[in-house]
Amino acid sequence: MLSVTAATLKSQKKALRKAVSATLRNLEPSSIQEQSSAVTAKILSLLSFRQCKNISCYLSMPSGELDTSEIVRAILRAGKTLYVPKIDVTKDGKMDFWQVYDEEDLESLPGGVWGIREPTAEYKCVTRLNALDSSSGIDMILLPGVAFDRTMSRLGHGKGYYDRYINSYIASGRPRPLLVALALREQLIDPTFITPPELDTSAIVPMAEHDWKMDLIVTPDEVLHVEATK
């Protein structure tokens, strides 16, 4: 049975997730595209992005989320190695990052969980490279989320895929990748955000010990750095 603290944290996360998700569902597609273009430009201008050779980026949901289509194309066009997530629903929601090789490959990916495109096990009769099997690993992970705040906290969709993956990746002895969240401006929560009464606003985005904080959060208006919290 959950302790009172764990149960309260779970309730707070659920309340914030519900409130922000409702806001995102009401966004006009034109607003999402405009914001996505602004975030893409900021990502491509980051020195850390330009220096990274191996990048993981999620493929966005059909609606209600920042569109990453231009970012993933830019990664491939820059000659960088692109990894995208694939969820194995038969293994308790295990997530792996598999390589996508070129734009033709990218465009041919079929829809998977929640309508998100995912890589197949093979491309042109060759088994895809799993990031955990790569000698070079991952330099940067571009993460989705539901809500973020200026303490670099992230609220995901509640499945724990990224937190588990990052833990297992680091446990394999590899260096920690740079964690970069991509956010619409409506997803960056501040004290003026109208929260449900059950949400404790002293911790704007509730965090458990196993939740990873971000190194950067990129919105259409700014790039938040971990140094900003010091």
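**Second largest pocket.** I looked up which element gives the largest share of the lining of the second largest pocket, and α2 does, with 3 residues. The model I am reading is predicted. I noted a volume of about 170 Å³ for this second largest pocket. I count 13 lining residues, and I32, P62, S63, G64 and E65 lie nearest the centre. Two or more lining residues come from each of α1 and α2 (29-45). By residue class I wrote down 6 nonpolar, 4 polar and 3 charged for the second largest pocket.

**Largest pocket.** Next I took the largest pocket, with a volume of about 690 Å³. Its lining has 31 residues, and H157, G158, K159, G160 and Y161 are the closest to the centre. I then checked the elements: α1 (4-25), β2, β8 (154-155) and α6 each give two or more residues to this lining. Which element gives the most to the lining of the largest pocket? I find α6, with 4 residues. The lining of the largest pocket splits into 15 nonpolar, 5 polar and 11 charged residues.

**Aromatic pairs.** I moved on to the rings. I get 4 aromatic pairs in total. I opened F97 and Y162: the pair is tilted, with 6.1 Å centre to centre and 50° between the planes.

**A charge over a ring.** I looked at K80 and F49. The charged end of K80 sits over the ring of F49, 5.3 Å from the ring centre.

**Helix α4 and what follows.** I went through helix α4 (residues 69-77) for burial. I71, V72, R73, A74, I75 and L76 are buried there. I note that R73 is on that list. After α4 comes G79, and I read a positive phi near 80° for G79.

**β2 and β3.** I checked how strand β2 (residues 81-88) meets β3. The two run antiparallel and are joined by 7 bridges. Which residue of β3 is the bridge partner of L82? I find V100. For β3 I also noted the cover: 6 of its 7 residues are buried.

**β6 and its neighbours.** Are the faces of strand β6 (residues 140-143) covered or open? I find both covered: M140 and L142 are buried on one side, I141 and L143 on the other. I then looked for the pairing of β6. Strand β1 (residues 54-57) pairs with β6 in the parallel sense, over 3 bridges. Within this pairing I picked out S56, whose bridge partner in β6 is I141. β6 also pairs with strand β9 (residues 178-182), again in the parallel sense. I count 4 bridges between β6 and β9. For L142, the bridge partner in β9 is V180.

I kept the backbone angles for the end. Most residues other than glycine have a negative phi. I looked for exceptions and wrote down two entries.

C125 has a positive phi of about 70° and is not a glycine. I placed C125 in the loop between β4 (122-123) and β5 (126-127). Is C125 buried or exposed? I read 74% relative accessibility, so C125 counts as exposed, the cut-off being over 50%.

M152 also shows a positive phi, near 70°, in a residue other than glycine. I found M152 in the loop between β7 (147-148) and β8. Is M152 buried or exposed? The relative accessible area of M152 is 1%, so I list M152 as buried, the cut-off being under 20%.

Methods
Residues are numbered from 1 along each chain as its sequence is written. This is a predicted model: local features need pLDDT of at least 70, side-chain atom pairs count only at pLDDT 80 or more; totals for chains, interfaces and linings use all residues. Side-chain values use heavy atoms; hydrogens and water are left out. Rings of Phe, Tyr and Trp (its six-membered ring) pair if their centres lie within 6.5 Å; planes under 30 degrees apart count as stacked, over 60 as edge-to-face and the rest as tilted. A charge sits over a ring if NZ of Lys or CZ of Arg is within 6 Å of the ring centre and within 35 degrees of the ring normal. Buried means under 20% relative accessible area, exposed over 50%, partly exposed in between (1.4 Å probe, protein chains only). Two strands pair if DSSP finds at least two bridges between them. On a 1 Å grid over the protein atoms alone, a cavity is a set of points where a 1.4 Å probe fits but cannot get out, and a pocket is an open set with protein on both sides within 12 Å along at least five of seven lines; lining residues have an atom within 4 Å of a point. Grid points are joined across faces, edges and corners, and a volume is the space filled by probe spheres set on the points. Ala, Val, Leu, Ile, Met, Phe, Trp, Tyr, Cys and Pro count as nonpolar, Asp, Glu, Lys and Arg as charged, and the others, Gly among them, as polar.
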